[in-house]
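Student: I would like to learn how the words used for a protein structure are tied to their definitions. Could we go through them one at a time?

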Amino acid sequence: MTRKRPNALVRLAFQVEHHAETLSWRLRHKLRLARPPRILPYRGYGTTRASLIKARVLEDRKVRPPWKRYTLVGSAIASWKRYMTLEIPNARVAVRWGDKRWEGTTDEEGFLELWVEPPEGVKAGWHDVELELLSPVSRRGVTRVCAPVLVSGPEAELGVISDIDDTVIVTEVTNVLKRFWTLFLTEHRTRLPFEGVDAFYQALSQGSTGSAYNPIFYVSSSPWNLYEHLDEFLGLHHIPAGPLLLRDWGLSRTGFAPGGGHGHKLEKIRGLMDAFAPLPFLLIGDSGQEDAEHYRTIVREYPGRVRCVYIRNVWHRSGRERELAAIAEDIRAAGSQMLTVDDTVTAARHAASQGWIRRQEVAEVQAHRQEDLQARTALDALDREPS
């Protein structure tokens, strides 16, 4: 597949912006006007052979913790701080994992991505890797953190790649106003998951034996600025933790985001398929965006690797049903299968029939779905009460 190159004007604009921000940072740091640096660790992933350490170095904007944000104004201020990030390029970071040590340098957007060979004897599961900021030197700020890394071992039966918006979290991304409200003015405590998602994803993680430790990855068009927000959401609702693969918003080498569709998801999914070969995968998305189209591409590019594509039915434009039916036929012709489902229980029943989860987990998904429906009904009634 040929990749569309950004035009010369975009590349020039990016270079100008990058150099201006770098010079501004250096000047403010020299004059001691810059805020203290902060290492923001991301969830990494890999195998016992190679694992990816991920983080970002930013100026610390002191976003208040969620339990101290009580009002709409507080949420709006926290969102503004998340989006108005000031990245620190060319920062040097030391990585320590057991008896091994490496050094990495952040790119022009402050991102650190470092592939390393884990220490000998590392087993499947989550591991904490220590990150320390070496430069710029600072006695303030968060300069030493632990980054969680998910190592997949031979016990894994399959991997799961899931969209987030309107697949895990009720977002209604096709509605511009509701999308804006969700991104900028809501907290993870007030957002709701789709009913039964927690139990279904837990069952997928445990696999057919209950101890498979199948890795789960979340791919989204949401910006990296929402990383902590989304990670807190997964934890609050007991949805299995997994690496979040998000999108860098703003001007970049490849163009301007969030414009231009969702093709970036394909690159991230390909990276996961390559990193975990020959592990088979389940792909989960929704009907509102381009998930089905992207997953069809992956099925074709990685024959025999995709066990099934699950597409959650959400509100969509007229004619979308015919498109989805055609995509499902293409996926079947390529040797896989695709199901469009109205609820999580339907997907769980199918997964159990295929031997991907234990049959008793279907009842657990049903129970969690009922609990979530009751909670949503209670919240809706509360919202309708006159103030």
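**From values to words**

Tutor: In helix 4, the residues Val197, Asp198, Ala199, Phe200, Tyr201, Ala203, Leu204 and Ser205 are buried. Please keep in mind that this is a predicted model, in which local features need pLDDT of at least 70 and side-chain atom pairs count only at pLDDT 80 or more, while totals for chains, interfaces and linings use all residues. Residues are numbered from 1 along each chain as its sequence is written, and side-chain values use heavy atoms, with hydrogens and water left out.

Student: What makes a stretch of residues a helix or a strand here?

Tutor: Both are DSSP runs numbered from the N terminus, a helix being H or I over at least four residues and a strand being E over at least two.

Student: Why is helix 4 called largely enclosed by the rest of the structure?

Tutor: Buried means under 20% relative accessible area, exposed means over 50%, and partly exposed lies in between (1.4 Å probe, protein chains only). Eight of the ten residues of helix 4 (residues 197–206) are buried, so the helix is largely enclosed.

Student: Why is Cys308 called buried, and why does Cys146 count as partly exposed?

Tutor: Cys308 has a relative accessible area of 0%, which is under 20%, so Cys308 is buried. Cys146 has 46% relative accessibility, which lies between 20% and 50%, and therefore counts as partly exposed.

Student: How many disulfides are there?

Tutor: A disulfide is a pair of cysteine sulfur atoms within 2.5 Å, and by this rule the count comes to zero.

Student: What makes strand 7 and strand 8 a pair?

Tutor: Two strands pair if DSSP finds at least two bridges between them. Strand 7 (residues 125–135) and strand 8 have eight bridges in the antiparallel sense, so they meet that requirement; in strand 8, Arg144 is the bridge partner of Glu132. Strand 2 (residues 44–47) also pairs with strand 8, here in the parallel sense over four bridges, and Tyr45 stands opposite Leu150 in strand 8.

Student: Why is strand 8 described as mostly covered?

Tutor: Seven of the nine residues of strand 8 (residues 144–152) are buried, so by the 20% limit the strand is mostly covered.

Student: In which order do the six strands of the open sheet lie?

Tutor: The order is 11-10-9-14-15-16, with parallel pairing. Strand 11 (244–247) and strand 16 (338–341) are the edge strands, because each pairs on one side only.
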